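Good morning, colleagues. Please look at the model on the screen while I go through its strands and its pockets.

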Amino acid sequence: MDQCFWNENQFAAVIAHRSDSAHTIFAEIVKFSYDKIPTRCQKKAYNDSVCQLGWRSIHSQLKVTTDIHGITPNLLHLTEVSRFSNAKELINEALQSVPLLSGEVIQESTANGVGGYFYDAWNEATEDPETVWQPIFLKWWEHPDYTLLVPEGFVCTEEEEDFKRQYGITDGNVYFRRVKIKEMQGKKIDAETGLSGEMLFCQSYPMTPQQAFVVRSGSLFNVEILTAMLTSAPAPLDIQQIGRGHLRVYKHIQPGHSYLLVCDPSYGQSKDYAAAIVFDMITKDFVAVFHGKYRSNELAKHLVKLAKFYNGALIVVERNTGQAVLNQVISFHDYRNIYHHKEWSDRREPSWEPGFPTTATTRNLFLASLEDAISDRVVVIPDQATVKECLNFGDKDGKYQATVGNDDLVIALAIGTYLLQQPRANLLPPSMELRPGGL
């Protein structure tokens, strides 16, 4: 507002993620600020459209909108970037409209889970020495309202003393933090959210940018445990590019061990991500992850090759979205070490059908299995991409799914975790034998 009102030839645009947000920003920030300028300093403004102010005497204007098309501002403010749909494409287009040498761009947002455009953009700004962006994290303890008068006899705990040393906060900030955490149930973990009072405090008052991204995820799974996994995740032993994806290896293959290769094909279309996770059936370890964009025939070829490498692994294909992949694996590649699901009907004997079906019942079973395995620390997830998807997997539109980005890695992980808990006799029909080396 100041830049446009007091300077000539300025065109500022604020891009919001929703039209109601654009109207709120214009009314409560832009128009409010303009109306508070002293009368003696006022310039006559014009409104050519809703959510716009301009001053012809100095050839400057400010516009709040949701559409970047057709405008060429020299000052651009993108607000709540983490909530933009198709953020990467929209922002890349927006950046092309701003003059390279004389323009200025601000990307601003609250954190909205791990992953997605804003998370990646923040990491690039903080880690790339050649970045053109200047990262700014607004610290809550520097705001004068977030401190309390310390009562007589107040003593900091050892943890609080560490906070003081690490972040330079005062006793008043520490006491404010303590009171707020107590209001939020303290260290007790809420059964529905999986968050303790400390994590809820961090959600509203993060101490670091990374903490802000993690605790805002609203995950179905235990956020504190997942955060620890994300922090301690090792580098892969090996990374191989395979077509339009990668294989990330975390454990060496063991002779004589049986392996499970669980795949969520995500409709088998090249525009969607497919995920496959390799598990050691002896140790229950997460061994490797295969992740990329493949058509059904490409994915089937890579799955069979990977399964043969892992001692003839048992391939589990989620068949609701992967029937085409399953058919390719069985018919075209003649690979027979395939998971079969026991299905009951009116007949006395069950039928065994290849592939894992996702129904309301099985989905609840495998998600509950993964939730328990994470809470009980039964499963260790070494892959950062998989942990990030778990952190972003929560209630969206009344269904547990990805709240940001994709959830193919979560589904593959959950199905694998569930099947590892089943007796081996439940993985194949009695006429087929599960053994290293395949069938």
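Which residue takes a positive phi in the hairpin of β2 and β3? That residue is His59, with phi near 55 degrees, and the hairpin has four residues between its strands. Before I continue, a word on the basis: this is a predicted model, in which local features need pLDDT of at least 70 and side-chain atom pairs count only at pLDDT 80 or more, while totals for chains, interfaces and linings use all residues. Residues are numbered from 1 along each chain as its sequence is written, and side-chain values use heavy atoms, with hydrogens and water left out.

Helices (H or I, at least four residues) and strands (E, at least two) are DSSP runs, numbered from the N terminus. Two strands pair if DSSP finds at least two bridges between them. Strand β2, residues 52–55, runs antiparallel to β3 and is joined to it by four bridges. Strand β1, residues 11–15, pairs with β3, residues 60–65, in the parallel sense over five bridges. Leu62 in β3 stands opposite Leu53, and Ala12 also stands opposite Leu62.

I turn now to the pockets. On a 1 Å grid over the protein atoms alone, a pocket is an open set of points where a 1.4 Å probe fits, with protein on both sides within 12 Å along at least five of seven lines; lining residues have an atom within 4 Å of a point. Grid points are joined across faces, edges and corners, and a volume is the space filled by probe spheres set on the points.

The largest pocket holds about 1400 Å³ of space. It is lined by 43 residues, and Gln107, Glu108, Phe118, Trp122 and Ile136 are the closest to its centre. Helix α4 gives the most to this lining, with six residues. By class, the lining of the largest pocket has 25 nonpolar residues (Ala, Val, Leu, Ile, Met, Phe, Trp, Tyr, Cys and Pro), seven charged (Asp, Glu, Lys and Arg) and 11 polar (the others, Gly among them).

The second largest pocket has a volume of about 1200 Å³. Of its 39 lining residues, Gly116, Tyr117, Asp120, Gly405 and Asn406 are the closest to the centre. Here too α4 gives the most, with seven residues. This lining divides into 14 nonpolar, 15 polar and 10 charged residues.

Lastly, Ile239 is found in strand β6, residues 238–242. Not counting residues up to four places away in sequence, Ile239 touches His246, Leu247 and Arg248, where contact means heavy atoms within 4.5 Å.
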